[in-house]
Amino acid sequence: MNILYVFPGQGSQYGGMGRELYETQPTFRGELERCGEVLRDRLEAPLLEVLFGGSRDRLDETEYTQPALFALEWSLGELWRSWGVEPTWVMGHSVGEYVAACRAGVFGVEDALALVATRARLMQELPENGRMVAVFAAVDQVAGALSGHANQVSIAAVNGPRQVVISGLDSAVTAIVEQLDADGVRTQPLTVSHAFHSPLMEPMLDDFEQLVREVALSPPSFPIVSNVTGKPVTDELLAEWQELLYDSCTMCGRCSMVCPVGNDIAYMVRKAREGMVAAGHAPEGLIGASQRAVRIGSPMGLTIKALT
């Protein structure tokens with residue numbers, strides 16, 4: 001049996017996520033505390049306070065969201081490992097790809113957390129003048145709606161045949177959404193602090209590239225499937241991750257590539273009450289999500305079927 005781990009990105013966090021696992025699973029607790037120790041000098045507030053402190057304000061700040069998600073997803077993967085479950089492939093959406101790379105041995109937890117914390121800080125320091133919106137329409141229709149806004153708005157993610165996320169300058173996104181609404185297209189705003197995967201991320205790219213160049217990278221011990229290309233990552237990791245800050249994340253194409261229809265079962269390693277299936281919202285509890293088996297059932301995207 002081939003097992004795929006999928007690690008989601010920002011937008012799925014909620015206050016208290018992982019609390020039950022932290023209180024009942026020693027392996028999970030130990031890894032989360034290890035991550036908290038690594039992040040101690042990089043975050044003003046302690047990781048466990050951000051996760052379990054009762055206030056969501058900090059958890060929704062990018063500077064804290066991304067390190068917290070990395071720590072939780074890594075710890076959940078280690079919990080599965082302690083139960084004898086190892087992945088055949090890994091992939092992740094946005095910050096989740098750093099978890100996937102760490103899982104595959106590209107770098108250690110310490111370097112990964114340094115990358116993620118710095119990435120989050122650089123993003124947090126950017127102006128909060130953008131927004132992200134999910135659009136339930138074909139990508140060609142969405143691309144047409146973006147014409148005239150090429151330097152302000154981009155397609156940030158293609159999650160399925162009719163599940164597209166746009167990201168960019170607030171005023172431009174608002175105008176696009178108003179036109180889509182007038183055309184009868186359903187949209188849904190995302191809870192994020194910045195317009196990730198858009199032209200608004202460009203000012204931070206040089207600083208982030210410099211940091212990535214300082215990290216020793218090892219070849220993956222098993223395949224990591226790229227958000228950008230839909231193909232296994234090789235030694236072009238720097239280019240891949242820089243592209244992730246700007247380019248679209250074509251989730252459906254890569255899922256059909258790594259999991260032939262009818263053959264493989266993917267265990268979704270996830271962690272949010274509102275969860276994510278290939279970066280698309282799906283309400284499920286933390287433990288239920290981590291133990292849910294799903295089958296890739298469509299070459300055009302993800303058809304999720306719970307297995308009992």
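Biologist: In which helix is alanine 112 found?

Modeller: Alanine 112 sits in helix H6, which covers residues 109-124. Keep in mind that this is a predicted model.

Biologist: Is alanine 112 buried or exposed?

Modeller: Look at the relative accessible area. Buried means under 20%. Alanine 112 has 0%, so this residue counts as buried.

Biologist: Which residues does alanine 112 touch?

Modeller: Skip residues up to four places away in sequence. Alanine 112 then touches Phe70, Cys102 and Phe107. Sequence distance and distance in space are separate things to read. Alanine 112 and valine 212 are 100 residues apart in sequence, yet their C-alpha atoms are 9.9 Å apart in space.

Biologist: Which residues touch the most other members of the largest nonpolar core?

Modeller: Phe70 and Phe107 do, in a core of 63 residues. Helix H4, residues 62-82, gives the most to this core: ten residues. Another core lies apart from it, with 16 residues, including Ile155, Ala172, Val173 and Val185.

Biologist: How should I picture a helix such as H4?

Modeller: Start with the general idea. An α-helix has 3.6 residues a turn, so residues three or four places apart point the same way. Now take the case here. H4 has 21 residues and spans 30 Å from its first C-alpha to its last, close to the 30 Å expected.

Biologist: How many of the residues of H4 are buried?

Modeller: H4 is mostly covered, with 18 of its 21 residues buried.

Biologist: What follows H4?

Modeller: Glycine 84 follows H4, and its phi is positive, near 90°.

Terms used: Residues are numbered from 1 along each chain as its sequence is written. This is a predicted model: local features need pLDDT of at least 70, side-chain atom pairs count only at pLDDT 80 or more; totals for chains, interfaces and linings use all residues. Side-chain values use heavy atoms; hydrogens and water are left out. A nonpolar core is a set of buried Ala, Val, Leu, Ile, Met, Phe, Trp, Tyr and Cys residues joined through side-chain atoms within 4.5 Å. Buried means under 20% relative accessible area, exposed over 50%, partly exposed in between (1.4 Å probe, protein chains only). Helices (H or I, at least four residues) and strands (E, at least two) are DSSP runs, numbered from the N terminus. The expected span of a helix is 1.5 Å times one less than its number of residues. Contact means heavy atoms within 4.5 Å.
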